[in-house]
Amino acid sequence: MHFFNSIRGRLILSLMAGLLFVVILIVLLSSFRYERMTVENRGELLSQLSSGMAYQLSQDMHSRTTEIQMLTHLPDIQNPNVSLEQKRAIFEKMRDSYPYYAWIGMTDAKGNILTGTQGLLVGKNVFKRSWFMEGAKGPHLGSVHDAFLLSKIMPKPKWDDLPLRLVDVSAPIRDKNGQLLGVICGHLGWDWAFEMRDKILASPNLANIDLLVAKTDGALLMGTARLPSNSIDLSQYDFFQQALKNRHGIGFETWSDQHSYLTASAYESSVSNDMLKWVVLARENKSIVMAPFWHQVKINLLFTLVIILLLIAIVYRIVSKSTQPLEKLTEAAQAIYSGNNQTKIPLFNKQDEVGILSRSFKTLVDYLQLEIKQKTAYADQLRLMGRVYESSPQSVMITDSHQNILDVNESFTKMTGYQKTEIIGKTPNYLNSGRQNRAFYEQMWQKICDDGVWQGEIWNKNKAGKIYPEWLLITCLKNDKGELTHFIGIFSDISEKKEAEAQLVFLANHDVLTQLPNRRLLQDHVNLALKQGETKQSGLIFLDLDFFKSINDSLGHIVGDQLLVAITKSLSQGFKKPNLVARFGGDEFVIFVPDLSSVNEMEKIAWQIDQLFSSPFMVGDYTLQVGASMGISLYPQDGQTAEELIQAADTAMYSIKGNHNASYQFYTREMHDAAYEKLLLERDLKQALINHEFYLVYQPQIDLDTCKLNGLEVLIRWAHPKRGIVSPMVFIPVLEEMGLIDRVGLWVLEEALMQYKSWLKEFAIDDDTTLSVNLSALQFRNPNIVKMLENAVSQSGVEWEQVIFEVTESVMLADDARIQHDMEKLKKSGCQFALDDYGTGYSSLSYIDRCHFSELKVDQAFVRKMMEKESDQLIVHHTIEMAKALGMKVVIEGVETPQQIDFLRQYPGLTIQGYYFSKPLTVDDFTHRLKNNKDNIWQPDALIEDKV
């Protein structure tokens with residue numbers, strides 16, 4: 001038989017066609033998916049590059065604005081008595097610190113340029129220049145522009161093909177009365193943007209990417225060697241228009257060189273000045289973008305060819321082997337058809353068509369034997385079904401069409417207690433518990449009649465009278481004529497399942513330890529009570545345990561849990577329904593009182609709780625005393641929902657936490673305002689880190705005997721653009737709460753060390769002059785504190801012996817062995833430690849002896865009053881004598897008057913820190929004093945100013 005006419009041939013061709021279709025479809029789909037991923041991934045990279053450069057350009061411009069504004073506030077700039085040469089020196093210093101300034105100068109109020117870097121443009125009138133007109137009104141950022149005036153006297157930029165281009169940054173100089181004195185302008189060279197682009201594209205992976213900057217009218221501000229800045233207008237491209245409308249754009253587009261590029265654009269504009277607008281574009285040639293895809297396509301094609309060849313061999317082998325018996329049967333059938341009755345029929349013991357065909361020739365011989373086997377198998381199947389019916393773990397009931405019970409299995413008798421003889425002949429109503437009404441059963445039987453099946457939960461009663469839930473399945477059996485003959489009910493006891501579900505619901509809404517309602521159930525209960533309007537006035541108490549953490553840490557969590565259970569028992573006994581006691585979490589509880597007659601009733605309840613905690617709790621062998629801080633909120637004045645009432649009570653509780661003069665506090669609007677103000681302060685502090693609003697001041701420490709500088713303490717200050725100068729007493733605790741004190745503290749240390757090293761090189765400061773830096777107690781919680789401090793000091797080049805870390809008594813109160821270890825490790829490196837604000841805390845001599853401080857600072861609170869109060873004089877006297885006896889250097893803080901100096905001169909070897917000699921000085925002011933103080937002798941300030 002011809003191959004193409006045979007079953008083998010047609011089957012092989014059909015299978016190969018199907019396999020080829022599937023393989024090709026898979027390859028095409030994978031290729032399309034890889035192509036899309038290639039474009040998406042590269043497009044995302046281009047978008048990040050364009051957005052990143054746009055953001056960096058904007059941030060750098062705002063940084064320059066801050067620098068120019070800082071210049072306008074310098075006293076030497078505002079003072080008309082300071083010479084123009086001195087002012088020019090300040091500008092030159094600023095230009096040296098940031099080399100991309102092409103020119104920095106200032107004008108008078110009429111636009112005449114008074115001075116500028118390199119003496120350029122002096123005498124020119126720029127009254128009509130935009131940077132002067134806008135800068136006179138306030139801080140101004142100008143867009144990129146050609147600098148025709150400066151281009152005649154300054155070299156052509158090295159980056160571009162265009163003339164000198166600049167960005168203007170200007171700000172007004174005003175006196176104390178707000179009168180305009182002039183304008184300071186910085187011309188920022190556009191070279192800065194080109195260098196930024198080179199840094200961004202420094203990776204070899206980005207070598208084929210172009211980064212361009214354009215104006216909003218489509219003109220290029222920054223081109224490339226392949227695409228000069230004056231060669232193209234970008235306003236005609238879709239991605240450019242997309243960026244202007246949506247701030248971002250991306251897509252393939254054909255450029256003027258007739259090549260297609262994948263281009264991403266980002267539109268950036270200044271918030272404070274509409275003149276600063278540009279579009280940053282990142283593009284890459286489509287052929288380069290798609291190169292990985294085409295490489296992958298070649299690999300896929302090669303792999304597909306190998307797979308197809310392999311499949312052809314496998315299919316041919318399988319089909320040939322499968323059709324071989326059929327071909328032999330066909331040959332035998334042809335022989336018999338030809339009259340050869342002696343031909344033997346091959347037999348194949350297979351259960352497929354070939355096996356059936358081979359056995360069909362022996363039908364006459366095997367008929368009776370086959371029939372007996374079938375009947376035997378049928379009987380075995382019936383017996384098997386009977387055993388399944390009897391041994392089934394589910395109860396089975398069979399009734400006739402009139403619902404008379406015909407049979408039940410053994411599981412039925414075990415579940416209900418009824419034997420077969422007791423139940424056969426009765427109806428299923430015999431098991432009715434009465435829990436479901438007549439309507440339920442009518443709907444159930446209607447469902448059975450309509451659909452032939454019903455299943456659901458039902459409650460029945462066993463022989464002992466116990467009512468139990470069961471899951472019941474009822475099906476109808478019909479004969480060949482479609483007539484109903486039987487009902488079959490299959491059911492199982494689901495009591496354990498129902499109990500488990502109830503337990504899960506309980507656990508989802510209750511605290512596992514105390515069994516009290518949890519936060520979720522509390523909120524649902526309160527919201528439901530308020531929604532239903534059950535009361536006109538309600539109250540909520542948010543209760544937090546005092547001293548619980550100490551018990552938990554010292555005696556263990558098991559004792560702590562037992563204490564919580566004991567407290568829960570007392571609260572539950574004192575406040576029963578309709579009141580609700582809930583565990584909010586940890587050692588926090590909430591008590592909801594749904595119906596109040598007056599506010600005084602909440603005070604009575606708070607007093608009742610206070611009395612409950614006045615007595616100790618017995619927990620095992622321990623007698624434990626804890627306190628409670630309570631915040632109280634009222635409905636409807638403090639909130640309309642459970643969340644609002646809980647938040648208000650929580651705010652009230654934290655307002656008195658740690659205040660042992662009161663145990664409860666009602667919520668007030670002022671508490672909300674204080675919390676909101678703290679939130680605003682946290683937001684401003686995060687922005688201050690970004691905008692570099694922190695700066696350092698230095699307060700000199702003077703040897704009283706020689707009047708020489710023997711130390712200086714660095715202090716941080718915050719100049720907020722709207723709040724003004726914010727006291728460290730306000731923002732330092734917030735930085736600690738926010739977890740930012742490590743970052744800020746390290747910045748203070750690094751900046752101070754760098755400045756201190758600069759002063760040591762420039763001025764004749766004694767080598768034993770020390771730099772004091774404050775360390776917060778929270779900084780010692782950082783396990784890497786020692787490594788951070790060691791790296792900072794080592795990299796600065798300052799000798800370890802010249803560094804003093806000041807700590808307060810709060811650091812030592814923790815009595816943490818790790819803190820002691822860290823301090824000892826730092827001392828071995830050579831640094832010293834000073835105990836700051838001595839006398840304002842516990843003033844324990846034990847940790848002074850244990851920590852071996854090299855310096856003790858007497859707090860200014862005693863110094864201020866020692867001339868009026870003899871007791872404060874005695875405190876200062878004995879503190880000085882004690883410190884000297886222990887070999888410690890003594891620093892007296894807050895010295896301001898000659899009378900205080902005269903009193904302290906009786907003690908030799910003292911170091912003075914205070915307004916008498918100098919207030920904390922900025923870097924420039926401190927540098928000025930060092931220049932004027934010959935031989936390092938410091939004269940007292942003639943005028944005592946208010947503290948900063």
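**Exercise 1.** In which sense do strand β11 and strand β15 pair, and over how many bridges?

*Solution.* The structure is a predicted model, in which local features need pLDDT of at least 70, side-chain atom pairs count only at pLDDT 80 or more, and totals for chains, interfaces and linings use all residues. Residues are numbered from 1 along each chain as its sequence is written, and side-chain values use heavy atoms, with hydrogens and water left out.

Step 1. Locate the strands (DSSP runs of E, at least two residues, numbered from the N terminus): β11 covers residues 395-400 and β15 covers residues 484-493.

Step 2. Apply the pairing rule, which asks DSSP to find at least two bridges between two strands. β11 and β15 pair in the antiparallel sense over six bridges. In this pairing, S395 stands opposite F491 in β15.

**Exercise 2.** Determine the strand order of the open sheet and its edge strands.

*Solution.* Step 1. The five strands have the order β12-β11-β15-β14-β13, with antiparallel pairing.

Step 2. β12 (405-408) and β13 (453-461) each pair on one side only, so they are the edge strands.

Step 3. From one strand to the next, the twist averages 25° (axes are lines fitted to C-alpha atoms; angles run from 0 to 180 degrees between N-to-C directions).

**Exercise 3.** Which strands does helix α14 lie across?

*Solution.* Step 1. Helices are DSSP runs of H or I with at least four residues; α14 comprises residues 438-451.

Step 2. Helix α14 lies across β13, β14 (467-478) and β15, and runs at about 150° to β13.

Definitions and conventions. Contact = heavy atoms within 4.5 Å.
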